[in-house]
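Please read them with the structure open beside you.

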Amino acid sequence: MAPLLPVAFLEAVDPWIFAFSFVTVAATIWMGFRSARTSKTASDFFVAGRSVSVGWNASAISGEYLSAASFMGVAGMVMSSGYDALWYPVCYACGYLFLLLFIAGPLRRFGAYTIPDFAEGRYDSPLFRKIAVCFVLFIGFFYTMPQMKGAGVTLAYIFPGIPYWAGVVLVGAVITLNVALGGMKGITLVQAFQYWIKMFAISVPVFVLMAVFGFYNVHVGANNAPGESAAPATGIERKALVEKAPRDDKWIAPFGPLTTKAVNAAAAALPAEQRPAYLAEHQKPYSLLYTYSLIIALVCGTAGLPHILVRFYTNPDGVAAKRTTMWVMILIGIFYVFPPIFGVIGRNLMPELYTGLAGIKGTDQVVLKLPTLLAEKYGVLGSILSGITCAGAFAAFMSTFSGLLVSMTGALAHDVYGRMIRPESNQAERLVAFKFAAVLTGGVAIVLGCFVEKLEINFMVGQAFAIAASSYFPLLFMSVWWRGMTMKGAAAGMLAGGICALIAVALTNVSTLALDPGEMGRIFAVFKPLNAFWAQHPLLRILCEQPAIWTVALAIGLMIVVSKATAAQVPGDIRMKMLVLHAPEKLGLKQEYIQEHIAGAGH
Amino acid sequence: MPPPTPHEDRVHSEQFLHTLMRRQLKLSIACAAAFLVVLLGLPVANYLAPQLMATRVFGFTLTWLLLGVLFFPAVWAISWIFIRRSIWLEEDEVRSVKSLGEDR
């Protein structure tokens, strides 16, 4: 019977879905091998020879940025939480504006291989490089876990019956191979290609669905807003909502289920007669606070994600860095219009997803499942479109994971091996170290990915953003614009902000996991009493779930106070450093700075 | 070491750095302010004028239309203006330094 098993197993798989997913994975491997032949030098591996053109680089950054959370998570969140979830795509896209306004140009002019390079160069402190390396690895691993989970879940969806870890291992192995073969240069081409796959995979099904089932505005209009007796649009066939779905007026209006969770839990703990008064007094102010904290976390977090920042070093010059950011904003801005449309249409036509299925939060599947609706009317077209969205989902985990892997591998091979362990190593040895580090990091990421099956994708992504927002963003912003910063100030602010954000978010996560009826609930049972505490203090819960509003301020405040206290330790050549960061590159100050440094080291 | 030329003198002066950073920061802050007014103003508008923000426009509520659709073009406009100005600013700085070098 054994040989029959794969056949029976393949029969359950839609051939179109299989074909599209297979082509995406195969093309990724092929491009990796092809670019391996052209990537020769260390510079090719770490920063793609600093010669990536604006168009390629913008597509590659966008491809790297649009992760599993963007491709599947945003649509699912809009479907489950409504209006409040729109902040996610908007802030993901607009965080780039902050990067452009304050950080992109100066960072590129300073010209270093990695963020730890910048940290050391700006403060002349090898110790600070070590701290920065730890943060690159830390945030990186945090952000790889949700990508790995997305891969495992999608593969299990495409091939029903396949274990969760198989997807994690497959995607992890493919990307690790690519990074080890081609480094940054190879990955740039692959990611640029994957951006266009994702764009195609999200937009084409949306246009077809809208043409068949009614446009975006009609689907939003089918929901009753608060105070309306009837919804304005009634032209579409809407399926009855299931019990678990939020009501129309809560879903379409601001301050809905996402931001009022803590207050609602607190109200539920009160006697029934006190509830309406309590809700009327606290619900909206608290959810306004939640909204602001969320905005800060997402906007500052985007500007502080290490795998995005490292890309700026691949631009030929500062002007190109700015042009690239402009194009990234347009490319991801266009993309982010589409996932909410999936969520809105899904709410009207596939409400059964709200009930949730094993292994994946029901609404997260909306992008993959919605195109199958067309199969009833148009047969094979539905399968083809579903295949296209699955291919897009594959492209999403693969490209984000490859970017993370390059930045973490760069940190290990360049900063740890090349600067700390063996500074005397030559080019060839560093290349070997890069490949070795890629395999090592990829392996660790795969193992971590196998353990996070029970955690939610958006939870994990939010955590990575909150930590990046309160550590790297204050560091970069203040280092670039304030000459009075000292190494101690920078380190104190970055560590305090990052660690506070980590602890706060972890506290809310473990308390939620403690409520899980299954295995997770048993492991984290110790934290169950925390939920009673949250019910007493909803404000504290909001500040722990979305800590950015105080951790970013704390980090910047500490940086200022500690730097003032240690003002004598401002680097001696700070004026020159600031000139290199801000003066136009045509003045050639960078060359001068390097020569001075070499002369200085010679004494 | 040869005596510094007036051109180098000027580039390395405290005043040049100060003006340079000030001009760039001013531009960045002006653009950021335009962006933050929209981003941080929208929740306030939702909070204070829920009725107005729930007005229907082509089936969307007003606030949904602003956040889910119109926000992106607004940000593109801000970044386009910023990039044009900032490239002009850099060229202007290079020009002013070069002209000083030629004067001598």
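**Notes on the predicted model**

1. Chain A is built from 27 helices and 0 strands, where helices (H or I, at least four residues) and strands (E, at least two) are DSSP runs numbered from the N terminus. This is a predicted model, in which local features need pLDDT of at least 70 and side-chain atom pairs count only at pLDDT 80 or more, while totals for chains, interfaces and linings use all residues. Residues are numbered from 1 along each chain as its sequence is written, and chains are lettered from A and ligands numbered from 1 in the order in which they are written.

2. Of the 603 residues in chain A, 57% are buried; a residue is buried if 20 or more other C-beta atoms lie within 10 Å of its own, exposed if 12 or fewer, and partly exposed in between, with C-beta atoms placed from the backbone. Among the contacts in chain A with a separation of 6 or more, 80% join residues 24 or more positions apart, a contact being a pair of residues whose C-beta atoms, placed from the backbone, lie within 7 Å.

3. Chain B has 4 helices and 2 strands, which follow the pattern α-α-α-β-β-α along the sequence. Buried residues come to 30% of the 104 residues of chain B, and residues 24 or more positions apart account for 64% of the chain B contacts with a separation of 6 or more.

4. How many residues of chain B are in contact with chain A? There are 41 of them, and they meet 44 residues of chain A. On the chain B side, α2 (14–48), β2 (60–61) and α4 (62–103) each supply at least two residues, and α4(B) gives the most, with 20 residues. By class, this side of chain B has 28 nonpolar, 9 polar and 4 charged residues, where Ala, Val, Leu, Ile, Met, Phe, Trp, Tyr, Cys and Pro count as nonpolar, Asp, Glu, Lys and Arg as charged, and the others, Gly among them, as polar.

5. Helix α6 (residues 87–110) of chain A packs on α2(B) at an angle of about 165 degrees, with the axes 9 Å apart; axes are lines fitted to C-alpha atoms, for helices over the stretch in contact, and angles run from 0 to 180 degrees between N-to-C directions. The two helices, α6(A) and α2(B), are therefore roughly antiparallel, the word used for angles over 145 degrees, whereas those under 35 count as roughly parallel, 65 to 115 as roughly perpendicular and the rest as oblique. The crossing of α6(A) and α2(B) is left-handed, which is said when the near helix is turned anticlockwise from the far one by less than a right angle, and right-handed if clockwise. The residues in contact are Cys94(A), Leu97(A), Leu101(A) and Phe102(A) from α6(A), with Ser28(B), Cys31(B), Ala32(B), Phe35(B) and Leu39(B) from α2(B), and by class they are 8 nonpolar, 1 polar and no charged.

6. Helix α13 (residues 275–303) of chain A also packs on α2(B) at about 165 degrees, with the axes 11 Å apart, so α13(A) is roughly antiparallel to α2(B). The crossing of α13(A) and α2(B) is right-handed. Here Lys284(A), Leu288(A), Thr291(A), Tyr292(A) and Ile295(A) of α13(A) meet Leu39(B), Pro43(B) and Tyr47(B) of α2(B), a contact with 6 nonpolar, 1 polar and 1 charged residues.

7. The largest nonpolar core has 208 residues, and those with the most contacts inside it are Ala93(A), Leu97(A), Leu298(A) and Ala469(A); such a core is a set of buried Ala, Val, Leu, Ile, Met, Phe, Trp, Tyr and Cys residues joined through C-beta atoms within 7 Å. Helix α18 (residues 380–421) of chain A gives the most to this core, with 20 residues. Not counting residues up to four places away in sequence, Leu298(A) touches Trp87(A), Tyr88(A), Cys91(A), Tyr92(A), Gly95(A) and Phe465(A).

8. Asp124(A) deserves a separate look: the residue lies in the loop between α7 (115–123) and α8 (126–158) of chain A, and its phi is near 50 degrees, a positive value in a residue other than glycine. Most residues other than glycine have a negative phi. Asp124(A) is partly exposed, with 16 other C-beta atoms within 10 Å.

Key: Two residues are in contact if their C-beta atoms, placed from the backbone, lie within 7 Å.
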